[in-house]
Amino acid sequence: MVEKTCPGSSIEEVVERSGGRLSKVFEVRRNAAEPVIVKIYEPEWAWKQAKEVHVYGLLQEHLGDSVPRVLHAEPGDPAFTVLTKLDGVPLSEAEPPDWKSVYVQLGELLQRIHRIPQPAYGYLTDEVLEPLPTNDAYMRRQFTKKLNEFDQLDGDPRLSESIGQYVEQHAELLGNATQPVLCHNDFHEGNVLVDPVTWQVRGFIDVENAIAADPLMDLAKTECYSIWGNADKLAGLVEGYGALPTDWRPRTTLYRLYHSLELWDWFKSIGTVDPLESIAGDMAKIVS
């Protein structure tokens with residue numbers, strides 16, 4: 001795979017990196033050359049390759065070296081993509097002395113991602129799938145879909161009813177988003193790389209979940225997955241991002257509810273049960 005991308009490479013070492021159920025990721029270290037990343041897709045998820053190539057291409061134009069560059073992408077069995085390797089370690093594996101200053105940089109990066117407009121709201125591949133013209137229509141569709149999954153997966157019916165009521169009570173917030181933009185939709189500490197000496201953010205990875213949506217969806221997911229009530233992290237994220245709409249707090253709370261619902265459904269569907277009670281508790285706290 002590397003030979004097709006970088007002919008004549010002398011490979012020194014291959015190290016498996018954190019992948020997932022959808023793909024395996026390897027760092028390939030080469031003699032007298034920069035290492036590269038090779039991502040190999042499970043057959044049922046090979047369609048995500050075109051998405052990553054498309055999204056990384058969009059990001060490259062606006063963020064340059066803050067994202068990996070696609071060197072080669074080849075469909076087939078197996079489908080694989082070769083990318084440049086970003087320097088740094090995952091923020092999830094680090095302990096900065098000043099969380100706020102790191103999160104200021106995260107906010108700045110998110111704001112730059114959100115300068116990339118999209119033609120409609122919806123799930124993103126190399127196009128917007130089942131596009132909808134408004135955020136209200138898109139988020140209502142998503143909540144309905146995820147609540148149906150929650151019910152089918154034997155979620156608490158009382159919690160399901162409360163979530164539905166909460167969405168209806170706060171539905172006017174969904175109409176306040178007027179421009180769909182590119183959203184990373186997984187901008188948490190595991191996907192952000194930092195220099196553990198200078199604590200400069202080097203960039204981010206993993207665009208498999210990208211969507212065209214309200215930019216506040218990204219801030220909500222970062223809070224939901226990584227901030228967990230840490231006031232310094234939240235203050236840094238908001239400061240780095242810059243001006244926010246006046247309703248940003250209630251709107252991100254509604255989106256945090258959605259992200260938690262989606263995560264509960266995903267974990268239950270793959271048989272990961274340990275986190276379910278905690279996630280359900282988070283949702284119950286919001287709707288109460």
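**View 1. Where helix H5 meets helix H9.** Leu159, Ser162, Ile163 and Tyr166 of H5 touch Ala280, Met283, Ala284, Ile286 and Val287 of H9; contact here means heavy atoms within 4.5 Å. Sorted by class, this contact holds 8 nonpolar residues, 1 polar residue and no charged ones. Ala, Val, Leu, Ile, Met, Phe, Trp, Tyr, Cys and Pro count as nonpolar, Asp, Glu, Lys and Arg as charged, and the others, Gly among them, as polar. H5 covers residues 157–169 and H9 residues 276–287, and the two pack at about 45 degrees with their axes 10 Å apart. The axes are lines fitted to C-alpha atoms, for helices over the stretch in contact, with angles from 0 to 180 degrees between N-to-C directions. H5 and H9 are therefore oblique to each other: angles under 35 degrees count as roughly parallel, over 145 as roughly antiparallel, 65 to 115 as roughly perpendicular and the rest as oblique.

A quick note on what you are looking at: this is a predicted model, in which local features need pLDDT of at least 70 and side-chain atom pairs pLDDT 80 or more, while totals for chains, interfaces and linings use all residues. Residues are numbered from 1 along each chain as its sequence is written, and side-chain values use heavy atoms, leaving out hydrogens and water. Helices (H or I, at least four residues) and strands (E, at least two) are DSSP runs, numbered from the N terminus.

**View 2. A salt bridge between lysine 4 and glutamate 74.** The side chains of this pair meet at 2.7 Å, N to O; a salt bridge is a side-chain nitrogen of Lys or Arg within 4 Å of a carboxyl oxygen of Asp or Glu. Lysine 4 sits in helix H1 (residues 2–5) and glutamate 74 in strand E4 (residues 70–74), so look for two distant parts of the chain, 70 residues apart. Lysine 4 is exposed at 51% relative accessibility, whereas glutamate 74 is partly exposed at 21%. Buried means under 20% relative accessible area, exposed over 50%, and partly exposed in between (1.4 Å probe, protein chains only).

**View 3. Glutamate 27 paired with arginine 17.** Here the salt bridge is 2.5 Å, N to O. Glutamate 27 belongs to strand E2 (residues 23–30) and arginine 17 to strand E1 (residues 11–17), so the pair ties together parts 10 residues apart in sequence. Glutamate 27 is buried, at 4% relative accessibility, while arginine 17 is partly exposed, at 37%.

**View 4. Lysine 39 and glutamate 208.** Their side chains form a salt bridge of 2.8 Å, N to O. The pair links distant parts of the chain, with lysine 39 in strand E3 (residues 33–41) and glutamate 208 in the loop between strands E11 (201–204) and E12 (211–213), 169 residues apart. Lysine 39 is buried at 8% relative accessible area, and glutamate 208 is buried at 7%.

**View 5. Leucine 153 in its loop.** Leucine 153 lies between helix H4 (135–152) and H5 and is partly exposed, at 22% relative accessible area. Leaving out residues up to four places away in sequence, leucine 153 touches Trp264, Asp265, Lys268 and Ser269. From leucine 153 to aspartate 265 is 112 residues in sequence and 7.3 Å in space, C-alpha to C-alpha.

View 6. Alanine 171 is in the loop between H5 and strand E9 (181–183) and is buried, at 6% relative accessible area. Setting aside neighbours within four places in sequence, alanine 171 contacts Asp136 and Arg140.
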